[in-house]
Amino acid sequence: MKDEELVTRITALVEEEHRLENSHTGEGMSEADSRRLRDVEVALDQTWDLLRQRRARRDAGLDPDGAEARPPGTVENYRQ
């Protein structure tokens with residue numbers, strides 16, 4: 001996936017995240033929507049991580065296409 005595609009995916013995921021969060025203001029979220037929100041959050045973390053890897057590889061003079069998506073357990077345990 002190229003950088004532009006990753007940015008487009010991030011934008012779509014952020015929009016879905018906001019839509020899910022805002023659709024339940026003042027009321028509880030269904031179990032299905034809670035699961036979907038969590039899936040979206042994980043996908044966002046993975047996509048951001050992949051974009052950062054590509055940029056770092058490019059800055060280091062390496063092929064950005066060598067970057068690979070990391071598993072959720074890896075990206076979810078990063079310190080902010």
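Predicted model: local features only at pLDDT ≥ 70, side-chain atom pairs only at ≥ 80, totals over all residues.

Trainee: Which helix does Leu-6 lie in?

Mentor: Leu-6 belongs to helix α1.

Trainee: And what does Leu-6 touch, not counting residues up to four places away in sequence?

Mentor: Leu-6 touches Met-1, Thr-47, Leu-50, Leu-51 and Arg-54, with those sequence neighbours set aside.

Trainee: How far apart in space are Leu-6 and Glu-17?

Mentor: From C-alpha to C-alpha, they are 16 Å apart, and in sequence they are 11 residues apart.

Trainee: Let's zoom out. How many helices and strands are there?

Mentor: The chain has 3 helices and 0 strands. Along the sequence that reads as α-α-α.

Trainee: Is the chain a compact globule or more spread out?

Mentor: More spread out: the radius of gyration is 15 Å, well over the 12 Å that the globule rule gives for 80 residues. The C-alpha trace spans about 50 × 25 × 20 Å along its principal axes.

Trainee: What share of the residues count as buried?

Mentor: Of the 80 residues, 28% are in the buried class. The accessible surface is about 5600 Å², and carbon and sulfur atoms account for 47% of that.

Trainee: What about contacts between residues at least 6 apart in sequence?

Mentor: Among those, 57% join residues that are at least 24 apart.

Trainee: Back to the inside, then. Which residues make up the largest nonpolar core?

Mentor: There are 11 residues in it: Leu-6, Ile-10, Leu-13, Leu-20, Leu-37, Val-40, Ala-43, Leu-44, Leu-50, Leu-51 and Ala-67. Both α1 (3-22) and α2 (31-59) supply at least two residues each to this core.

Trainee: Which helix gives the most to this core?

Mentor: That would be α2, with 6 residues. As background, nonpolar side chains tend to be buried together in soluble globular proteins.

Trainee: Can you give me another core residue and what it touches?

Mentor: Take Ile-10, which is part of that core. Apart from residues up to four places away in sequence, Ile-10 touches Leu-44, Thr-47, Trp-48 and Leu-51.

Trainee: Where is Ala-67 placed?

Mentor: Ala-67 is in the loop between α2 and α3. Its relative accessible area is 12%, so Ala-67 is buried. Leaving aside neighbours within four places in sequence, Ala-67 contacts Leu-50, Gln-53, Arg-54 and Arg-57. Ala-67 and Arg-54 are 13 residues apart in sequence, with 5.6 Å between their C-alpha atoms.

Trainee: You mentioned Gln-53 there. Is Gln-53 buried or exposed?

Mentor: Buried, with a relative accessible area of 15%. Gln-53 lies in helix α2, and beyond four places in sequence Gln-53 is in contact with Ala-67, Glu-68 and Arg-70.

Trainee: Changing topic: how many positive and negative side chains does the chain have?

Mentor: There are 13 positive and 19 negative ones, and the centres of the two sets lie 5 Å apart.

Trainee: What about Asp-49, and where is it found?

Mentor: Asp-49 is in helix α2. With a relative accessible area of 7%, Asp-49 is buried.

Trainee: How far apart are the C-alpha atoms of Asp-65 and Gln-53?

Mentor: They are separated by 9.5 Å, and along the chain the two residues are 12 apart.

Trainee: Great, thanks for going through that with me!

Technical notes
Residues numbered from 1 in each chain as written. Heavy atoms only, no water. Helix = DSSP H or I, 4+ residues; strand = E, 2+ residues; numbered from the N terminus. Rg over C-alpha atoms; globule rule 2.2 N^0.38 Å. Buried < 20%, exposed > 50% of the residue type's maximum accessible area, 1.4 Å probe, protein only. Contact = heavy atoms within 4.5 Å. Areas by Shrake-Rupley, 256 points an atom, 1.4 Å probe, with all protein chains shown as cover. Lys, Arg positive; Asp, Glu negative; His and termini not counted. Charge placed at Lys NZ, Arg CZ, Asp CG, Glu CD. Core = buried A, V, L, I, M, F, W, Y, C linked by side-chain atoms within 4.5 Å.
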